[in-house]
Amino acid sequence: MSFLQLLEAKRDGAALSEDQIRSFVKGVSTDTLPEYQIAAFLMAVYFKGLNEAETRALTLSMRDSGIVLQFQPDPARPVVDKHSTGGVGDKVSLPLAPLLAALGFRVPMISGRGLGITGGTLDKLDSIPGFSTSLPVNEIVDFVERIGCAMIRQTEEMVPADKRLYAMRDVTATVPSINLITASILSKKLSEGLDALVLDVKYGEAAFMKTREDAQKLADGMAKLGNACGVKVEAFLNDMDTPLGRTAGNWLEVVESVECLENRGPDDLRDLVLQCAGRLLVLTGREPDLDAGLAKAKACLESGAPRTKWIELLEAQGADLKAYEEKLKSPIQAFALPLTATKSGTISSCNARIIGEVVRDLGGGRALKDSVLDLNVGIAEIKKPGERVEQGEKLCVLYARNESEAAANAERTRSAWSIM
Ligand code: URA
């Protein structure tokens, strides 16, 4: 069958065979399929969907388009990771990787850049002086075996098919397809050679999936397929109506992550970090149930071991520790504008979408794929729903490149809060 016939078949809703899907992915990763045919294929999938067997074939052939990491067999140190479908203020990966390493796991954490209003772990790590997330595959494996974790970007050699397809989806309006999202996320995670994976699937204002129902569908599909591919996967839902923690913006989120590693900082962040670790302890059979998993993760966080592991990780990946400690102690290198409440009352909502848009527009996120970020800007000291404020009391502090950009974003930022 020619590729044109394959396209016609998908356009008309037929199910494709594993071989047909493999030939599509081969054409993508070897750059032999013209972009217009890839675009047509993606749009046909967007409208007609893929069945379970097709989604599995797409996921596995994308995984196999590059290197799959391999670790020494060691049942006492399972290889694990977490993936979040993205949000505002979501810095869970930063404290979680060293916590998992301190719990004895091996964590090859491949992360992404932020796009649009959704922050990305790589951008946060880029705000740490000297820290490098570009590591060759042999170093990734070595760091994970030795330290217990590595926080890295996808290399050229890993899942090249996803890199090309994701770029095409971005410009052909085909990102929000549950089948394509499933294959994209799982192909990358399966290339890490994992034993177990937790998926933090977000729903709400600032999430990919606006409704709980859609998020549940995505969560169920990914968990089922991941398990069928031999990785123990658990997906759980979390709302993204409100920013996570009290900061949004790259360096600001590193500071808050360090607080979490010191067993301080916001409860919602610490709870989600512990949930991810607790679930992985249960998934890998190291604890009998979630209560025991949470207790073990909490005790480990309180012991200070993850904070020590964090420094080990920074040092291994080239951070200038002196400059980093100095930056941690110094005021934020941006113009600070406190925003205050115009009336007294209890906060009923703080809209994560608005907060994410402001951070992006301040220069902390990408309006275009190649936008250069200002890693110091953002919003901190965010007051959260359920908290009481008096008129004139601080709702947050806006950090901007200069006074005029702060002033230009002040009213929109304030509109994120509803006070009853
Ligand atoms: N994240 C990914 O890696 N891929 C998607 O398709 C969506 C979110």
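Modeller: A residue is buried if 20 or more other C-beta atoms lie within 10 Å of its own, exposed if 12 or fewer, and partly exposed in between, with C-beta atoms placed from the backbone. Our protein is a predicted model, in which local features need pLDDT of at least 70 and side-chain atom pairs count only at pLDDT 80 or more, while totals for chains, interfaces and linings use all residues. Residues are numbered from 1 along each chain as its sequence is written.

Biologist: Happy to start there. Why is Ile140 called buried?

Modeller: Ile140 has 21 C-beta neighbours inside 10 Å, so it counts as buried under the rule of 20 or more. Ile140 sits in helix α7, residues 137-146. A helix here is a DSSP run of H or I with at least four residues and a strand is a run of E with at least two, both numbered from the N terminus.

Biologist: What is Ile140 in contact with, leaving aside its neighbours within four places in sequence?

Modeller: Its partners are Leu69, Pro108, Leu135, Ala150 and Ile152. Contact means that the C-beta atoms of two residues, placed from the backbone, lie within 7 Å. For Ala150, 10 residues away along the chain, the C-alpha separation from Ile140 is 6.2 Å.

Biologist: Why is Gly49 called partly exposed?

Modeller: Gly49 has 16 other C-beta atoms within 10 Å, so it is partly exposed. Gly49 is in the loop joining α3 (35-48) and α4 (52-63). From Cys396, 347 residues away along the chain, Gly49 is separated by 43 Å between C-alpha atoms. Ala44, in helix α3, is likewise partly exposed, since it has 19 C-beta neighbours inside 10 Å. Outside its sequence neighbourhood of four places, Ala44 contacts Leu7, Lys10 and Arg11.

Biologist: What makes Asp31 exposed?

Modeller: Asp31 has 10 C-beta neighbours inside 10 Å, and therefore counts as exposed. Asp31 lies in the loop between α2 (18-29) and α3, with a positive phi of about 65 degrees despite not being a glycine. Glu381 is another non-glycine with positive phi, near 55 degrees; its loop runs between β8 (378-380) and β9 (388-389).

Biologist: Moving inside, which residues have the most contacts within the largest nonpolar core?

Modeller: Leu100 and Ala277 do, in a core of 119 residues. Helix α12 (residues 267-283) is the main contributor to this core, giving 10 residues. Such a core is a set of buried Ala, Val, Leu, Ile, Met, Phe, Trp, Tyr and Cys residues joined through C-beta atoms within 7 Å. Beyond four places in sequence, Leu100 touches Val80, Phe105, Val107, Cys149, Ala277 and Leu280.

Biologist: Which residues surround the ligand?

Modeller: The shell holds Gly112, Tyr166, Val175, Leu180, Ile181, Ser184 and Ile185, where membership means a C-beta atom, placed from the backbone, within 6 Å of the molecule. Helix α9 (residues 178-190) supplies four residues, the most of any element.

Biologist: How many of the shell residues are nonpolar, polar and charged?

Modeller: Five are nonpolar, two are polar and none is charged. Ala, Val, Leu, Ile, Met, Phe, Trp, Tyr, Cys and Pro count as nonpolar, Asp, Glu, Lys and Arg as charged, and the others, Gly among them, as polar.
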